[in-house]
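This report walks through one chain, from its overall fold to a few side-chain pairs. Keep the sequence and the structure in view while reading.

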Amino acid sequence: VISPDLSQSADAQRSGNGITAVEESPTTPGLLYVGTSKGAAWISPDDGANWTEISVGLAPKYIKRIAPSKHQTSRVYLAQSGITEDDFSTYLYRSDDYGTTWTSITANLPAAPVNVILEDPNFANVLYCGTYNGVFVSEDSGLSWKVLASEMPNAFVSDMTIQTREKDLIAVTHGRGIYKLDLESLY
(Lines give C-alpha, C1' and ligand atoms only; values in the text may rest on other atoms or scores of the structure.)
Protein backbone atom coordinates (compact mmCIF):
# COMPACT_ATOMS: atom_id res chain seq x y z
CA VAL A 1 0.00 0.00 0.00
CA ILE A 2 1.47 3.33 -1.06
CA SER A 3 -1.41 5.70 -0.36
CA PRO A 4 -4.40 6.48 1.79
CA ASP A 5 -7.84 6.32 0.14
CA LEU A 6 -7.24 8.84 -2.65
CA SER A 7 -10.85 8.59 -3.86
CA GLN A 8 -11.77 10.82 -0.93
CA SER A 9 -11.14 14.56 -1.09
CA ALA A 10 -11.11 17.53 1.24
CA ASP A 11 -13.88 18.83 -1.09
CA ALA A 12 -17.00 16.68 -0.52
CA GLN A 13 -18.20 17.06 -4.13
CA ARG A 14 -14.93 15.44 -5.29
CA SER A 15 -15.18 12.39 -3.03
CA GLY A 16 -15.88 9.47 -5.34
CA ASN A 17 -15.77 5.77 -5.89
CA GLY A 18 -12.22 5.15 -6.95
CA ILE A 19 -9.06 5.95 -8.86
CA THR A 20 -9.55 6.32 -12.62
CA ALA A 21 -6.08 7.40 -13.79
CA VAL A 22 -2.55 6.89 -12.53
CA GLU A 23 0.69 7.91 -14.25
CA GLU A 24 4.36 8.20 -13.40
CA SER A 25 6.46 11.02 -14.80
CA PRO A 26 8.58 9.81 -17.73
CA THR A 27 11.35 12.22 -16.65
CA THR A 28 11.33 11.72 -12.87
CA PRO A 29 10.94 8.21 -11.47
CA GLY A 30 8.74 8.21 -8.38
CA LEU A 31 6.79 11.33 -9.36
CA LEU A 32 3.22 9.97 -9.42
CA TYR A 33 -0.12 11.49 -10.43
CA VAL A 34 -3.56 10.06 -9.61
CA GLY A 35 -7.05 11.10 -10.70
CA THR A 36 -10.46 9.96 -9.46
CA SER A 37 -14.02 9.47 -10.62
CA LYS A 38 -15.16 12.79 -9.12
CA GLY A 39 -12.28 15.05 -10.11
CA ALA A 40 -9.85 14.75 -7.22
CA ALA A 41 -6.24 14.89 -8.45
CA TRP A 42 -3.21 13.95 -6.39
CA ILE A 43 0.57 14.10 -6.68
CA SER A 44 3.31 12.19 -4.90
CA PRO A 45 6.93 13.25 -5.41
CA ASP A 46 8.34 10.22 -3.59
CA ASP A 47 6.87 6.95 -4.91
CA GLY A 48 3.71 7.28 -2.84
CA ALA A 49 5.23 8.02 0.56
CA ASN A 50 3.46 11.42 0.65
CA TRP A 51 0.43 12.69 -1.28
CA THR A 52 -0.87 16.22 -1.92
CA GLU A 53 -4.25 16.99 -3.44
CA ILE A 54 -3.97 19.22 -6.54
CA SER A 55 -7.67 19.51 -7.49
CA VAL A 56 -8.16 23.28 -7.17
CA GLY A 57 -9.02 24.69 -10.59
CA LEU A 58 -10.31 21.39 -12.02
CA ALA A 59 -13.95 20.55 -12.65
CA PRO A 60 -15.51 17.99 -10.26
CA LYS A 61 -15.68 15.50 -13.16
CA TYR A 62 -14.34 12.05 -13.99
CA ILE A 63 -10.59 12.22 -14.68
CA LYS A 64 -10.02 10.20 -17.84
CA ARG A 65 -6.31 10.75 -18.41
CA ILE A 66 -3.27 12.32 -16.80
CA ALA A 67 -0.24 12.88 -19.02
CA PRO A 68 2.97 14.08 -17.36
CA SER A 69 5.23 15.86 -19.85
CA LYS A 70 8.13 14.09 -21.49
CA HIS A 71 9.84 17.45 -22.05
CA GLN A 72 9.30 19.53 -18.90
CA THR A 73 9.19 17.84 -15.50
CA SER A 74 6.82 20.34 -13.90
CA ARG A 75 4.27 20.15 -16.77
CA VAL A 76 1.26 17.81 -16.70
CA TYR A 77 -1.90 17.52 -18.81
CA LEU A 78 -5.28 16.27 -17.62
CA ALA A 79 -8.47 15.26 -19.45
CA GLN A 80 -11.87 15.04 -17.76
CA SER A 81 -15.33 13.95 -18.85
CA GLY A 82 -18.83 14.68 -17.60
CA ILE A 83 -20.53 12.27 -20.01
CA THR A 84 -21.91 10.08 -17.20
CA GLU A 85 -23.84 13.15 -16.03
CA ASP A 86 -25.02 14.06 -19.58
CA ASP A 87 -22.48 16.90 -19.58
CA PHE A 88 -20.95 17.16 -23.05
CA SER A 89 -18.65 20.07 -22.19
CA THR A 90 -14.93 19.97 -22.91
CA TYR A 91 -12.58 19.66 -19.91
CA LEU A 92 -8.89 19.74 -20.77
CA TYR A 93 -6.12 21.27 -18.64
CA ARG A 94 -2.39 21.97 -18.48
CA SER A 95 -0.30 22.76 -15.42
CA ASP A 96 3.26 24.03 -15.59
CA ASP A 97 3.81 23.81 -11.82
CA TYR A 98 3.11 20.18 -10.88
CA GLY A 99 -0.66 20.77 -10.68
CA THR A 100 -0.54 23.68 -8.24
CA THR A 101 -2.45 25.76 -10.81
CA TRP A 102 -4.43 24.53 -13.83
CA THR A 103 -5.13 26.33 -17.11
CA SER A 104 -7.91 25.27 -19.47
CA ILE A 105 -6.57 24.40 -22.93
CA THR A 106 -9.92 23.78 -24.62
CA ALA A 107 -9.49 26.84 -26.94
CA ASN A 108 -11.45 26.12 -30.12
CA LEU A 109 -12.16 22.42 -29.49
CA PRO A 110 -15.78 21.49 -30.15
CA ALA A 111 -17.94 20.95 -27.06
CA ALA A 112 -17.42 17.23 -26.48
CA PRO A 113 -16.12 14.90 -23.78
CA VAL A 114 -12.36 14.32 -23.86
CA ASN A 115 -11.00 10.83 -23.26
CA VAL A 116 -7.29 11.16 -23.88
CA ILE A 117 -4.54 13.76 -24.16
CA LEU A 118 -1.03 12.92 -25.40
CA GLU A 119 2.09 15.01 -25.74
CA ASP A 120 4.25 14.33 -28.78
CA PRO A 121 7.50 12.57 -27.79
CA ASN A 122 9.58 14.75 -30.15
CA PHE A 123 7.95 18.18 -29.97
CA ALA A 124 7.00 19.72 -26.62
CA ASN A 125 4.31 22.03 -28.02
CA VAL A 126 2.47 19.36 -30.04
CA LEU A 127 -0.53 17.71 -28.37
CA TYR A 128 -3.06 15.12 -29.54
CA CYS A 129 -6.53 14.98 -28.09
CA GLY A 130 -9.07 12.16 -28.48
CA THR A 131 -12.66 13.31 -28.05
CA TYR A 132 -16.24 12.26 -28.64
CA ASN A 133 -15.81 13.80 -32.11
CA GLY A 134 -12.46 12.42 -33.27
CA VAL A 135 -8.78 13.34 -32.95
CA PHE A 136 -7.46 16.89 -32.76
CA VAL A 137 -3.93 18.28 -32.79
CA SER A 138 -2.44 21.41 -31.27
CA GLU A 139 0.93 22.78 -32.34
CA ASP A 140 1.00 25.48 -29.66
CA SER A 141 0.50 23.65 -26.33
CA GLY A 142 -3.29 23.83 -26.51
CA LEU A 143 -3.80 27.48 -27.50
CA SER A 144 -5.51 26.30 -30.71
CA TRP A 145 -6.68 22.97 -32.13
CA LYS A 146 -7.48 21.52 -35.55
CA VAL A 147 -8.80 18.20 -36.82
CA LEU A 148 -5.86 15.82 -37.17
CA ALA A 149 -6.90 13.70 -40.15
CA SER A 150 -9.81 14.40 -42.45
CA GLU A 151 -9.95 10.73 -43.48
CA MET A 152 -10.78 9.59 -39.96
CA PRO A 153 -14.51 9.40 -39.21
CA ASN A 154 -16.14 11.66 -36.65
CA ALA A 155 -16.06 8.87 -34.05
CA PHE A 156 -15.78 8.62 -30.27
CA VAL A 157 -12.04 8.09 -29.69
CA SER A 158 -11.64 6.10 -26.49
CA ASP A 159 -7.84 5.80 -26.34
CA MET A 160 -4.64 6.67 -28.18
CA THR A 161 -0.98 5.84 -27.96
CA ILE A 162 2.16 6.83 -29.82
CA GLN A 163 4.55 4.16 -31.03
CA THR A 164 7.74 6.16 -30.66
CA ARG A 165 10.11 4.04 -32.75
CA GLU A 166 7.67 3.75 -35.67
CA LYS A 167 6.42 7.36 -35.27
CA ASP A 168 2.81 6.17 -35.44
CA LEU A 169 -0.22 7.52 -33.63
CA ILE A 170 -2.76 4.76 -32.91
CA ALA A 171 -6.36 5.74 -32.13
CA VAL A 172 -9.09 3.36 -30.94
CA THR A 173 -12.77 4.21 -31.28
CA HIS A 174 -15.99 3.04 -29.68
CA GLY A 175 -17.07 2.34 -33.26
CA ARG A 176 -14.87 -0.77 -33.18
CA GLY A 177 -12.20 0.84 -35.30
CA ILE A 178 -8.44 1.21 -34.98
CA TYR A 179 -6.67 3.91 -36.93
CA LYS A 180 -2.97 4.51 -37.51
CA LEU A 181 -1.39 7.77 -38.62
CA ASP A 182 2.25 8.03 -39.63
CA LEU A 183 3.40 11.09 -37.68
CA GLU A 184 6.35 11.59 -40.01
CA SER A 185 3.96 13.33 -42.41
CA LEU A 186 2.92 15.73 -39.64
CA TYR A 187 6.53 16.36 -38.61
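## Overall fold

The chain has 15 strands and zero helices. Its radius of gyration is 16 Å, close to the 16 Å that the globule rule gives for 187 residues, so the chain is as compact as a globular protein of that length. This is a predicted model.

The C-alpha trace spans about 45 × 35 × 30 Å along its principal axes. Buried residues make up 51% of the 187 in the chain. Take the contacts between residues at least 6 apart in sequence: 40% of these join residues at least 24 apart. The accessible surface comes to about 8,900 Å². Carbon and sulfur atoms account for 50% of that surface.

## The E5-E8 sheet

Four strands build an open sheet. Their order is E5-E6-E7-E8, and the pairing is antiparallel. Strand E5 (62-68) and strand E8 (103-104) are the edge strands. Each of these two pairs on one side only.

Strand E7 covers residues 87-95. Two bridges join E7 to E8, and the two strands run antiparallel. Within this part of the model, Arg 94 stands opposite Thr 103 in E8.

A search of the whole structure finds 10 salt bridges. One of them involves Lys 61 and Glu 85, whose side chains meet at 2.6 Å, N to O. Lys 61 lies in the loop between strand E4 (52-53) and E5, and Glu 85 in the loop between strand E6 (76-82) and E7, so the pair ties together parts that are 24 residues apart in sequence.

Another salt bridge joins Asp 96 and Arg 75, with the closest N and O atoms 2.5 Å apart. This pair also links distant parts of the chain. Asp 96 sits in the loop between E7 and E8, Arg 75 in the loop between E5 and E6, and the two are 21 residues apart. Asp 96 is partly exposed, with a relative accessible area of 34%. Arg 75 counts as buried, at 11% relative accessibility.

## Shared partners

Which residue forms a salt bridge with Asp 96 at 3.4 Å? The partner is Arg 94, and the distance is between the closest N and O atoms. Asp 96 therefore has Arg 75 as one partner and Arg 94 as another, each pair falling within the 4 Å cut-off for a salt bridge. Arg 94 counts as buried, at 14% relative accessibility. Salt bridges with shared partners also join Lys 61, Glu 85 and Asp 87 into one network.

## A nonpolar surface patch

Which residues make the nonpolar surface patch of about 230 Å²? They are Phe 123, Leu 186 and Tyr 187. Leu 186 is found in the segment after strand E15 (178-182). Is Leu 186 buried or partly exposed? Leu 186 is partly exposed, with a relative accessible area of 30%.

Key. Residues are numbered from 1 along each chain as its sequence is written. This is a predicted model: local features need pLDDT of at least 70, side-chain atom pairs count only at pLDDT 80 or more; totals for chains, interfaces and linings use all residues. Side-chain values use heavy atoms; hydrogens and water are left out. Patches are made of residues with over 30% relative accessible area and no salt bridge: like charges are joined within 9 Å, nonpolar side chains (Val, Leu, Ile, Met, Phe, Trp, Tyr) within 5 Å. Accessible areas come from the Shrake-Rupley method with a 1.4 Å probe; for residues, only the protein chains shown count as cover. Buried means under 20% relative accessible area, exposed over 50%, partly exposed in between (1.4 Å probe, protein chains only). Two strands pair if DSSP finds at least two bridges between them. The radius of gyration is taken over C-alpha atoms; the globule rule is 2.2 Å times the number of residues to the power 0.38. Contact means heavy atoms within 4.5 Å.
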